[in-house]
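Let's take a walk through this protein, stopping at a handful of spots along the way. Have the picture open as you read.

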Amino acid sequence: MLPLAFYYDEPAHTFSEYLLVPGYSSSECIPDNVTLVTPLVKFKKGEEPAISLNIPMVSAIMQSVSNDKLAVALSREGGCSFIYGSQTIEDEAQMVRNVKSHRAGFVVSDSNITPDSTLKDVLALKEKTGHSTVAVTSDGTVNGKMEGIVTSRDYRVSRMDLDTKVRDFMTPISKLIVGKKDTTLQQANDIIWDNKLNTLPIIDDDGRLLYMVFRKDYVSHKEYPLELLDDKKRHVVGAGINTRDYAERIPALVEAGADVLCIDSSEGFSEWQKITLKWIRDHYGDKVKVGAGNVVDAEGFRFLADCGADFVKVGIGGGSICITRETKGIGRGQATALIDVCKARDEYFKETGVYVPVCSDGGIVYDYHMTLALAMGADFLMLGRYFARFDESPTNKVNVNGSYMKEYWGEGSNRARNWQRYDMGGSQKLSFEEGVDSYVPYAGSLKDNVNLTLAKIRSTMCNCGALNLGELRDKAKLTLVSATSIVEGGAHDVLLKDNTAATYAK
């Protein structure tokens, strides 16, 4: 008799098939009392993790999601980005350096123009960036010699020719108050307030522009109480690696200052990841923190935990741009996969005394799915589509049929051409696609959207009587819902006055 394939007794479920049942809420259970601190990397019983997140959100290792700009924005809110690895080693390392060298309150100008440019050029730049303050440098680059500044007070479109040269209406540097390269943020803010300035350029000894400090940023800096910083007060940032060029890429990323790495792979239960993790431990011991994945069951988790992973990612085929399941028939419903792996994590902790955090990657459609994932045991969530919608993501904002959208494509698409994430050996090319090229609805700033999402999570946790993520896992009561119940859960049997879009996530 021929052997038969193994069959799971139960079907694999997605987040939309579950609801949380409310629990008892004490008078202390209010959103302001909820903490979302969670471990990012493994730790031993009785010890503290080397890195913790202040919010359970990290951004996906994707070209269309995680660059240095988004990394700074997410770190300010308490999360961590993983800079995409499907670029040259030098470019990825430079992005990491950009994040680590970013001085809070000191902004690298991305609105720059030359003295020989025109008012028309200024207006076009303002339209592109949304910034009303434009730095004028000798060559129009971010670190060119500072020549002056143009603000909306320097020109009137109705009274000026669009061909007027910038040098004829800018405020020249001779009339500007500037700061030197060693100016601290406190000193910069004092100069701004004492001189009633809106902007203070920071220049080096040769007169080249380094940063801009804005009056508004003094106020906004106070708005980031959960900012995730290292022991040198620098932003925490992660970086993606692969199982091909790790021996060259990892040293460059470590030298650049990456706080944590993560193997970017379509499927992590493989000898390729074991070899990569062994190389890291042989060369760096436990000093370099690295996550691995993705897996969808207990066996895959234990394999990567035994190989030395600092966290394990769960999810295959559940991402909005992923077509692995329909292309290859590989994967598992994200909710079922997560529940299975989190049980394995807890068993592993009891057996070994080592807690290996679990990252849920994919399958999130609505904000409430995030709370469900956390209740099911996820320590934190990796999100792609959710972050791709924001101003800070690296993709273009385009107008599609009258609506603003952001471009979004998968690492398994032909556009990304990220063949290195497929651990199959062989030729250096993609044989077929496992991701698509698409658009997502533009949603505005990261800060506004993340704060709204976190408000929903905290409120739901209070409904469950939980003030932290550990209590949420302990107290959560989850129920499967029928197809009819899913319909009942939304607005129904009414005519909506305003058909606003739902809040989308990865």
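Is Thr336 buried or exposed? With a relative accessibility of 15%, Thr336 counts as buried, because the cut-off for that label is under 20%. Keep in mind as you go that this is a predicted model.

## Thr336 and its neighbours

To find Thr336, look in helix H10, which covers residues 334-352. Leaving aside residues up to four places away in sequence, Thr336 touches Pro11, Ala12 and His13. Take Ala12: along the chain, Ala12 and Thr336 are 324 residues apart, yet their C-alpha atoms are separated by 5.3 Å.

His13 is worth a look too. Its backbone nitrogen lies 2.6 Å from a polar atom of the Thr336 side chain.

## Salt bridges around Asp230

How many salt bridges does the structure hold? There are 19 of them. One is formed by Asp230 and Lys100, where the closest N and O atoms are 2.9 Å apart. Asp230 sits in the loop between helix H5 (215-221) and strand E14 (238-241), while Lys100 is in helix H2 (residues 89-101), so this pair ties together parts that are 130 residues apart in sequence. Both Asp230 and Lys100 are buried.

Asp230 has another partner: its side chain also meets that of Arg234 in a salt bridge, at 2.9 Å from N to O. The relative accessible area of Asp230 is 14%, so Asp230 is buried. Arg234, on the other hand, has 28% and is partly exposed.

## A bridge from loop to helix

Now move on to Asp379 and Arg473, whose side chains meet in a salt bridge of 3.9 Å, N to O. Asp379 lies in the loop between helix H11 (367-375) and strand E20 (380-383), and Arg473 belongs to helix H14 (residues 469-475), so the two tie together parts that are 94 residues apart in sequence. How accessible are the two ends? Asp379 is buried, with a relative accessible area of 0%, whereas Arg473 counts as partly exposed at 26%.

Salt bridges can also share partners, and here they join Lys100, Asp230, Arg234 and Asp259 into one network.

## Two domains

Time to zoom out. The chain is divided into domain 1 (15-103 + 226-489) and domain 2 (106-223). Taken over C-alpha atoms, the centres of the two domains are 37 Å apart. Six residues from domain 1 and eight residues from domain 2 take part in the contact.

The size of an interface is often given as the accessible area lost when the parts come together. For domain 1 and domain 2, that buried area is about 550 Å², with 35% of it on carbon and sulfur atoms. Which kinds of residue does domain 1 bring to the side that touches domain 2? That side has no nonpolar residues, two polar ones and four charged ones.

Asp367 is in helix H11, and its relative accessible area of 4% makes Asp367 buried. The side chain of Asp367 makes a polar contact of 3.1 Å with the side chain of Thr453.

Lys181 lies in the loop between strand E11 (179-180) and helix H4 (185-194). At 44% relative accessibility, Lys181 counts as partly exposed. Its side chain is joined to that of Asp205 by a polar contact of 3.4 Å. Ser111 is 70 residues from Lys181 along the chain, and the C-alpha atoms of the pair are separated by 20 Å.

## Backbone details

Asn294 is found in strand E16 (residues 290-295).

Then check Lys196, a residue other than glycine with a positive phi, near 55 degrees. Lys196 lies in the loop between H4 and strand E12 (199-203) and is exposed, with a relative accessible area of 74%. Asn401 has a positive phi as well, near 55 degrees. Asn401 is in the loop between strand E21 (397-400) and strand E22 (403-409), and is exposed at 80% relative accessible area.

How values were computed: Residues numbered from 1 in each chain as written. Heavy atoms only, no water. Helix = DSSP H or I, 4+ residues; strand = E, 2+ residues; numbered from the N terminus. Buried < 20%, exposed > 50% of the residue type's maximum accessible area, 1.4 Å probe, protein only. Contact = heavy atoms within 4.5 Å. Polar contact = N/O pair within 3.5 Å; in protein donor to acceptor, adjacent residues only side chain to side chain. Salt bridge = Lys/Arg side-chain N within 4 Å of Asp/Glu carboxyl O. Domains from an automatic or database assignment. Buried area = accessible area lost by both parts, 1.4 Å probe. Nonpolar A, V, L, I, M, F, W, Y, C, P; charged D, E, K, R; others polar.
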